[in-house]
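Have a look first, and then follow along.

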Amino acid sequence: MIRHAARATPWLMFGVTAAVLAVLLRVVAEWPYRMWPLEGIAVGLLAATAAWPFDEPAAAVVDSLPRGLAWRTTARTVGVIALVSWWLLLVAMTRTAYFGHATAVAGQGCAAVLTAIAFVSWRRSRGSATPAHALAPATVAAATFLALARPMDDQLPLFPYAEGGPWTPSAYVWSGLAIAAVIVLFRVLGEGGRSTRRSRRTPEPGFDTSSQELSPSPRERVGVTLRLRSLARALVCTVAVMLPIAAAGPAAAQRLDIERGSVQDTFDDDLYLDLCGITTTTTVTERWSLKTYPDGSQVFHDVRTFRSADPRLPVEKGAATAFYAADGSWRVVGKPIQLISPDGGTVLLDAGWISFDADGDVSTVRGPHPSVGVDLADYYCPQ
Amino acid sequence: MSQTREDQRTSALASIAVHEMKRYARHPLFIVGALLTAAMAVVGPDKTSSSLETVIVPAAALGVFGVLVMASLVRSSDEANSAAGAGVASERTRTLALAAATVVPFSVGLAFFGWAVWAFNDSPPLDRAAPFGDVGSSWAYAVLFALGALPAVGGPILGLVVGRWLSFRGSAIVTAVLLVLVTIVMQGLIEPLRFVRVVMPWTYFAGPFGVHGDSERWLILTGSPQWYFVYLVALCTIGVLVALLHDREASRATLVNALVGVGVVAAVLCALAMTQGVQHTMVNPLPSSSDTP
């Protein structure tokens, strides 16, 4: 099966797609508000690429072999699972970019892949040798158009945008697609797992069809056993791909209270008075969302810019998500502080992950957090 | 004798070109793209910016889709040619015929342009949108043509280049995605890239990019859309020449010379598109929340 998968998977295209997906999600992570259409396009590219291995240009030959469509489909899923795993890893690495909906974004990719596989398998079972040739461009085109033009955001919320987007209806749409895809897969692969094209083909001269229908040959009985095993393997693979989607549903459902806001305010800045002895006003521009869960835990996402009226002082930017656990501990993920000098250039950058215990002491640090445990006056005050 | 051969070649090109035009017109993705463009026109222009903001629809539905359509036509053309045996038509003739098939999407792009000009005059943009100040209607028409009509040619020609030069599976869809990626990055949202953004085959010249204190304020970005659309025509010509260069059986010397010449012209046109027209980002004096009609 591994050998079959190794030869059937277009590794060059998978490699190129993996690299492009990484770039797309990295750009989204850098400018989530501005580059958001790339998220939907990434989902489309993932689904389109996942469909390719299921094309069988030599269908006329392989359909006549003992290993049925179910076995071959299962074998060809190996590369796809690797690609989906890469997708999940990328989403996890850029999870702060999705307005607190990283699980939903991961689920979009998984559901799109399942739908693409179901469609291609169905077309294969109906005799089409290379259905991905049509599906892949159509998928990318549809995702591109929907992500860029967003023509039916309310009616068809496939790629919701920002904190206030219709994420819950979107989760239902993608879950529905995934469930429908699984049903189609089971029907297609379970109905014998062979292309109907072969059964419709005129028998070769001298081929005794009547005896085959009345009493299956030993080779056919072996074939049936193989198909059943293949089906079981297909089930395992499908469940493995479905797990993230199953996780996405409850994650969306358990959210009870969400507050959002945007702030633009100018105030007397005590920070500079305390640190540097400078009296100035600062303008803050901020977009935030706060989710409160039934167990008391909270998720606070904030994107903000502090700009002081005094031109000698740096500009402070921040884009991060804080997760407050019910036990009082919390962690901050993202880029909470980026201090930009008035002359340009970053003078201080906290990025990555930092967690605190219930007493407020730092417990884990991943990534640079130079602001912890230093005199901030060195960074904030003019030299 | 030579005249007869030339006539035969011209006749073959014309008949294959007509055939490719029909194939393009029948391609499902093109039909969907044309219908989406038509549907957008039926829905009507944007209430704030009129037809200026609607150019994204033909750019995506005719341009990006066109990359995929043309790459598919190139592949099927090659398959049909190899199935028919050697000597049916040279690669150069088939490439020219495929390039000629861009007449089909371009006619839809022109129809969009006609509608967009009509809509721009019938339902002009609000004062708080663009154009404003010294920037007038000719600027707007150039934007509508460059960003609405020309992508219908540019996208398919890029597909032609991809179909000729990139043979791995899925090359067209990866190219389409990369095209969208670089276009979004260079569309004018990122301030340091605004001046050089006209290098790209699609970019905005105005939009609600915002200023400090008003995140939706309309701006007119630097550059001349009039020079820009001439630059895009040069890019399309370069695309056709690059696609023709793939044929190793035909003489390439003339093509290489032409490519160098058009390349130089394109560089000059790009520089003009950058340095002519508006030279400082113009901020609409009216705030974005203003309801002034």
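## The disulfide and its surroundings

The link of A:C276 and A:C381 is left-handed, with -85° about the S-S bond. Its two sulfur atoms sit 1.9 Å apart, and a disulfide here is a pair of cysteine sulfur atoms within 2.5 Å. A:C276 belongs to helix α12 (residues 270–276) of chain A and A:C381 to the segment after α13 (377–380) of chain A, so the pair ties together parts that are 105 residues apart in sequence. Searching the whole structure turns up 1 disulfide over all chains. The helix and strand names used throughout come from DSSP runs, numbered from the N terminus: helices are H or I with at least four residues, and strands are E with at least two.

A word on the ground rules: this is a predicted model, in which local features need pLDDT of at least 70 and side-chain atom pairs count only at pLDDT 80 or more, while totals for chains, interfaces and linings use all residues. Residues are numbered from 1 along each chain as its sequence is written, chains are lettered from A and ligands numbered from 1 in the order in which they are written, and side-chain values use heavy atoms, with hydrogens and water left out.

## Strands in chain A

Now for the strand pairings in chain A. Two strands count as paired if DSSP finds at least two bridges between them.

| Strand pair (chain A) | Sense | Bridges | Residues standing opposite |
|---|---|---|---|
| β3(A) and β4(A) | antiparallel | 9 bridges | A:H301 and A:T321 |
| β5(A) and β6(A) | antiparallel | 9 bridges | A:R331 and A:S355 |
| β6(A) and β7(A) | antiparallel | 4 bridges | A:S355 and A:T364 |

The turns have some details of their own. The hairpin of β3(A) and β4(A) has 6 residues between its strands. In the hairpin of β5(A) and β6(A), 5 residues lie between the strands, and A:G344 takes a positive phi near 95°. The hairpin of β6(A) and β7(A) also has 5 residues between the strands, and there A:G360 has a positive phi near 90°.

Leaving aside residues up to four places away in sequence, A:W288 touches A:E259, A:R260, A:G261, A:S262, A:V263, A:F300, A:H301 and A:D302; contact means heavy atoms within 4.5 Å. The C-alpha atoms of A:W288 and A:R304 are 8.2 Å apart, with 16 residues separating the two along the chain.

## Where the chains meet

How many residues does each chain bring to the contact? Chain A puts in 34 residues and chain B 26 residues. About 2,600 Å² is buried between chain A and chain B, and carbon and sulfur atoms give 82% of that. Buried area is the accessible area (1.4 Å probe) that two parts lose on being put together, summed over both. A:R34, A:F145 and A:L148 supply 21% of the area that chain A buries against chain B, more than any other three residues.

The count of salt bridges between the chains is 0, taking a salt bridge as a side-chain nitrogen of Lys or Arg within 4 Å of a carboxyl oxygen of Asp or Glu.

On the side of chain A that touches chain B, α2 (11–30), α3 (37–51), α7 (132–149) and β2 (281–292) each supply at least two residues. Of the elements there, α7(A) gives the most, with 10 residues.

Chain B has an open sheet of 3 strands in the order β1-β2-β3, with antiparallel pairing. β1 (206–207) and β3 (282–283) of chain B stand at the edges with a single partner strand each, so one side of each is left without a neighbour in the sheet. Strand β2 (residues 219–220) of chain B is joined to β3(B) by 2 bridges, and B:L219 has B:V283 as its bridge partner.

Most residues other than glycine have a negative phi, and most peptide bonds are trans. A:F99 has a positive phi of about 55° although it is not a glycine, and its place is in the loop between α5 (69–93) and α6 (102–125) of chain A. In chain B, a cis peptide bond joins B:A130 and B:P131, with omega about 0°; B:P131 is in the loop between α5 (103–122) and α6 (137–149) of chain B.
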